[in-house]
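The structure comes first, and the text follows.

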Amino acid sequence: MDQAALQNLLNTLIATWENEVVEFKEVGNDYDTDKIGKYFSALSNEANLRGLKNAWLVFGIDDETRQVIGTEYRTDIDRLQSTKVQIANEVDPRGTTFTNIYELISPDGRVVLFEIPAGPRGIIIGWKGFNYSRAGESLMPLARDKEDAIRNQTLTTDWSAQIVPNATMNDLDETAVQKARESFAKKYANRPFAEEMEHWSLQTFLDRAKITQGGKITRAALLLLGKSESAYLLSPHPAQMIWKLEGTENAYEHFGTPFLFTTTQLYQKIRNIQIRLLPSWQLVPYEISKYDQKIVLEALHNCIAHQDYIRNGRINVIERSDKLIFENEGAFYEGQPDDYVLGEKTPRRYRNPFLVQAMVELGMIDTMGSGIHRMNKGQAKRYFPLPDYDLSEQTAVRMTIYGGVVDPAYSQMLMQKTDLSLADVLALDRVQKKLPIRDEEIRHLKQSKLIEGRKPHFHVSAVVAAATNKKLEYIRTRAVDTAFMEERVIHWLTKFGEASRKDIDEMLLPNMGEALSEEQKRNKVGNILSQMRIKRIIHNAGSRMSPIWRITSTDSEHSKKENKKAKKAFKEREG
């Protein structure tokens, strides 16, 4: 919103004054973030209960006169916006945060307006393990009737929240339950009730983790923690995932409950070899795995969370030579995949809110609504194409994760320009896949010399280095071989008798080029010294913390052989 729109909004909020969804504060140059988190929880829950889109927390207003008095709270814009991250890290479910944080510069002073999204239907928003609400202008714990009202919003429509009549605690897998306890304890390790958790009964734990309701087994509980032989209790809804290998070889395998474990078992079936990517400006290739485990499990957990179980379908993971394809029943539930790529949107509705919240509590989903954003960032960091979504089938979602390079120029560009924004990477990804991009994106990419060609035949600019530059880059970044380094150490110790680690660092580090970071260089020196000690070429006459390195007696045949090898390498290198 521009300043005029913000002023109109503020006038409207002041006219209605404080209620359960608006809070005004007189704030100087600081305010306790913990209190902001409590208000976030309370206002979000109240907005949910009233069917509103958002609530507001406003700094810089006199509580008695209802006049603007201004605030100096986080005047640095980056620090102000960092409040989003601080809230997202502690709110429950983690990842929920302010929709926007606005600054209004009025004649009477600066006003900060925090736009708080209403909690999704069926999901309570908490802060550090506690849930809050409002009673008039007062902040207070969320009352049981309000808690029930939020949970009941989706009980009749949420398949995962339904109680399974004949299921008991005996239908849960003990190992899965123990793993769930560990995940929950890790998530809340810094909360006030952390020390109590290990003494909770099974029923108390499952209720607090939002997996069961009043000690009664839900469908979500059976999906995540249920024994494989208890899956019949969900019939006719199959609780099953299928891994299928297609290509020159063909195979398949079924995976059932408990999904808390079996998603990892399915991932282990995938052939995840190492791939080498060779930048055009250096001789040493990058080695990365074909698929990143976090990205694969994020995709699989999203399938579980958003599956339309009423359609009685299975989740499919199809492995091909260069990609993984994930299929789950049910149309994309709110918005489009592109809405979530930049991590700026949080969904208001979920198909299975009870199941989603349980998965958040168990660490299967880190944050709500940001999975697509994390998968795209992860693929970009690996220099691979970004995930694709196919929504052409109205009743299912198909997502593809690439396990190789599509356009070498795209991967080379990402390796060379590591500071590209995710928005730029998204546009380049569409260019490499021959998909249309907006005119403003075309202008920006051309001005940045990231693409070439004429509309609609664009391509990612090739990363080219002149031959002389390549030679210079090689000289600057080449790795000096270990034998040469060993001889430098021997030469020093022979001449001066001993050397500290500082002496050796000052001697070797300048010769190690620029391909390694300072930490990597020091680690390499440490490895060289360790190997020379193991081969009995040198020994430490000092302490572990303050080593003094000296030549070991050369009487042994082993030492003579190693010294001779190092000297030969030194002469060849110098020659």
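Which element gives the largest share of the lining of the largest pocket? Helix H9 does, with 6 residues.

The model is predicted: local features need pLDDT of at least 70 and side-chain atom pairs count only at pLDDT 80 or more, while totals for chains, interfaces and linings use all residues. Residues are numbered from 1 along each chain as its sequence is written, and side-chain values use heavy atoms, with hydrogens and water left out. Helices (H or I, at least four residues) and strands (E, at least two) are DSSP runs, numbered from the N terminus.

**Pockets**

A pocket is an open set of points on a 1 Å grid over the protein atoms alone, where a 1.4 Å probe fits, with protein on both sides within 12 Å along at least five of seven lines; lining residues have an atom within 4 Å of a point. A volume is the space filled by probe spheres set on the points. Ala, Val, Leu, Ile, Met, Phe, Trp, Tyr, Cys and Pro count as nonpolar, Asp, Glu, Lys and Arg as charged, and the others, Gly among them, as polar.

| Largest | about 1,000 Å³ | 11 nonpolar, 9 polar, 13 charged residues |

Among the 33 residues lining the largest pocket, Leu362, Gly363, Met364, Ile365 and Asp366 are the closest to its centre. The second largest pocket is lined by 35 residues, and the closest to its centre are Gly95, Thr97, Gly343, Glu344 and Thr346. Helix H3 gives the largest share of this second lining, 5 residues.

**Sheet**

Six strands form an open sheet with mixed pairing, in the order E10-E9-E13-E14-E16-E15; two strands pair if DSSP finds at least two bridges between them. Strands E10 (251-255) and E15 (388-390) are at the edges with a single partner strand each, so one side of each has no neighbour in the sheet. E15 runs antiparallel to E16 (residues 396-402), joined by 3 bridges, and Asp388 stands opposite Thr400 in E16.

**Helix H9**

H9 packs on the sheet, touching E9, E13, E14 and E16; contact means heavy atoms within 4.5 Å. H9 (residues 293-306) also packs with H10 (residues 353-361) at about 145°, with axes 8 Å apart. Here axes are lines fitted to C-alpha atoms, for helices over the stretch in contact, and angles run from 0 to 180 degrees between N-to-C directions. His301, Ile304 and Ala305 of H9 meet Leu355, Val356 and Met359 of H10.
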